[in-house]
Amino acid sequence: MKKIIDGKKYDTETAPVVAIYEYSYKSEYDWYREELHKKRTGEFFLYGEGHAKSPYAKCIDLHEYAPGEDIRPLTLDEAKEWAVESLEVEEYEAIFGEVEE
């Protein structure tokens, strides 16, 4: 997926995935998957896709939703916050470096 946001291009094909979070089972309506990407410029963005009862659902009619996808740019602090909530400690530290005890 490619998207231009605030004059900047975000492309899931060229920016490597550094982490993945998946919620629920793919056969469930609330399933979604998020990928944290890091651009060569060092910027982070989140690509997400999900079913009709996920955060990525698209409204297609009154009270009717369909699967959807989206890209959201993240600041460094937002990327770290997402990683704290979505990843194991080892995965977090592999991306952002070791955290003091």
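Select Glu35 to begin: at 13% relative accessibility it counts as buried, since the cut-off for buried is under 20%. The model you are viewing is predicted.

The side chains of Arg33 and Glu35 meet in a salt bridge, with 3.3 Å from N to O. Arg33 itself counts as partly exposed, at 22% relative accessibility.

Keep Arg33 and select Glu22. These two also form a salt bridge, and their closest N and O atoms are 3.9 Å apart. Arg33 lies in strand β4 and Glu22 in strand β3 (residues 17-23), so the pair ties together parts that are eleven residues apart in sequence. Glu22 is partly exposed, at 41% relative accessibility. Across the whole structure, a search finds five salt bridges.

Next, go to Lys39, in the loop between β4 (32-38) and β5 (44-50). Is Lys39 buried or exposed? Its relative accessible area is 15%, so Lys39 is buried. Show Glu43 as well: Lys39 forms a salt bridge with Glu43, the closest N and O atoms being 3.5 Å apart. Salt bridges with shared partners join Lys8, Lys39 and Glu43 into one network.

Stay on Lys39 and display Lys9. A polar atom of the Lys39 side chain lies 2.9 Å from the backbone oxygen of Lys9. Leaving aside residues up to four places away in sequence, Lys39 touches Lys8, Lys9, Tyr10, Ala15 and Phe45.

Finally, select strands β6 (residues 58-61) and β7 (residues 64-66), which pair in the antiparallel sense over three bridges. Cys59 has Tyr65 in β7 as its bridge partner. The two strands form a hairpin with two residues between them, and His63 in the turn has a positive phi of about 60°.

Note on methods. Residues numbered from 1 in each chain as written. Predicted model: local features only at pLDDT ≥ 70, side-chain atom pairs only at ≥ 80, totals over all residues. Heavy atoms only, no water. Helix = DSSP H or I, 4+ residues; strand = E, 2+ residues; numbered from the N terminus. Polar contact = N/O pair within 3.5 Å; in protein donor to acceptor, adjacent residues only side chain to side chain. Contact = heavy atoms within 4.5 Å. Pairing = 2+ DSSP bridges. Salt bridge = Lys/Arg side-chain N within 4 Å of Asp/Glu carboxyl O. Buried < 20%, exposed > 50% of the residue type's maximum accessible area, 1.4 Å probe, protein only.
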